[in-house]
Amino acid sequence: MKILILSFSNNIVNEDSFIPNKMGLTFACVEECEKNLKEKGHDVEHICMNKKHINRCLACGARGWGICGNKNICIQKDDFNDIYNHMSEFDMYVFITPVYFHEMSESAKAFFDRLKRCDAFNDNSKIKGKKTICIACAGGSGKGTDETLNSFDTLNHFLGTKMIGRIPVTKFNFEEQKLEIKKAINQQ
Ligand SMILES: Cc1cc2nc3c(=O)[nH]c(=O)nc-3n(C[C@H](O)[C@H](O)[C@H](O)COP(=O)(O)O)c2cc1C
């Protein structure tokens, strides 16, 4: 299968480099997923979404509906439409976000807000029916993983995707949660 990992960590090595922090928990989960998926023979691509330019939804158009609702495309000229179209080439998705203020990260919110608008009512959706694994990476307290995963429930509902892995990770439970990641991947 072709599997796309989208990660949304805002962690960077320094302000200028815009390189994702390879020591971060989100990145550790990306590596764990990549390793397990490749071991199972899947074809894996990872996109670090914080390196992409994704503006927030403008809620343009009359009554808050732009052309996204019926043309399934966003009017903004940034990286969104290319990534949205690219998603159709994959059989399954892994979404990995850090937890900020008990929610998914800002880059995740910006992308998923626009994805829902373009795809939720798309009769020709190439995403609907596909499987997802959703991972929320929190700090020590782990507070907010529930809320973040609840938001992923909502996202999967509107996208019509089937969440086969719903995984809360903290820096203290990462070792044991590696097993949950493996289990979810083994369902493939
Ligand atoms: C702005 C901000 C808000 C955060 N809010 C929470 C939170 O609500 N709950 C929590 O457990 N950790 C919170 N954290 C900690 C991060 O979830 C944790 O550092 C996580 O590992 C970040 O992902 P990364 O390692 O990929 O950078 C917050 C961190 C930042 C920068």
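**Entry 1: a helix pair.** The model I am reading is predicted. I looked up α4 and α5, and their axes pack at an angle of about 20°. α4 and α5 are therefore roughly parallel to each other. The axes lie 9 Å apart. I noted the hand of the crossing of α4 and α5 too, and it is left-handed. Which residues make the contact? From α4 I listed Phe112, Lys116 and Asp119. From α5 I listed Leu155, Phe158 and Leu159.

**Entry 2: α5 itself.** I stayed with α5, which covers residues 145-159 and has 15 residues. From first C-alpha to last, α5 reaches 21 Å, close to the 21 Å expected at 1.5 Å a residue. Which residues of α5 are buried? I found Thr145, Thr148, Phe152, Leu155 and Leu159. I then looked down the axis of α5: the buried residues fall within an arc of 75°, so they line one face of the helix. On the other side of α5 I found Asp153, Thr154 and His157, which are exposed. Next I checked what covers the buried residues of α5. The cover includes the strands β3 (92-100), β4 (103-104), β5 (131-138) and β6 (162-170). It also includes the helix α4 (106-119). After α5 comes Gly160, and its phi is positive, near 75°.

**Entry 3: α1.** I moved to α1 and checked its span. At 1.5 Å a residue, the 15 residues of α1 should span 21 Å, and the end C-alpha atoms are 21 Å apart, which agrees. The buried residues of α1 are Leu25, Thr26, Phe27, Cys29, Val30, Cys33 and Leu37. I traced what they pack against: β1 (2-7), β2, β3, β5, β6 and α6. Gly41 follows α1, with a positive phi near 90°.

Entry 4: α1 runs over residues 25-39 and α6 over residues 174-186. Their axes come within 10 Å and cross at roughly 40°. That makes α1 oblique to α6. The crossing of α1 and α6 is right-handed. I wrote down who meets whom. From α1 come Leu25, Ala28, Glu32, Cys33, Asn36 and Leu37. From α6 come Phe174, Lys178, Ile181, Lys182 and Ile185.

**Entry 5: positive phi outside glycine.** I looked up Ala59, whose phi is near 45°, a positive value in a residue other than glycine. Ala59 sits in the loop between β2 (43-48) and α2 (68-71). Is Ala59 buried or exposed? I counted 12 other C-beta atoms within 10 Å, so Ala59 is exposed. His102 is another residue other than glycine with a positive phi, near 65°. I found His102 in the loop between β3 and β4. His102 has 13 C-beta neighbours inside 10 Å, so it counts as partly exposed.

**Entry 6: one more residue.** Last, I looked up Asn85, which is found in α3 (residues 80-87). Asn85 counts as partly exposed because it has 13 C-beta neighbours inside 10 Å. I also checked Asn85 against Ile73, 12 residues apart along the chain. Their C-alpha atoms are separated by 9.2 Å.

Notes:
Residues numbered from 1 in each chain as written. Predicted model: local features only at pLDDT ≥ 70, side-chain atom pairs only at ≥ 80, totals over all residues. Helix = DSSP H or I, 4+ residues; strand = E, 2+ residues; numbered from the N terminus. Expected span 1.5 Å × (residues − 1). Buried ≥ 20, exposed ≤ 12 C-beta atoms within 10 Å, placed from the backbone. Arc of directions from axis to C-beta. Contact = placed C-beta atoms within 7 Å. Axes fitted to C-alpha atoms, helices over the stretch in contact; angles between N-to-C directions. Parallel < 35°, antiparallel > 145°, perpendicular 65-115°, else oblique. Left-handed = near helix turned anticlockwise from the far one by under 90°.
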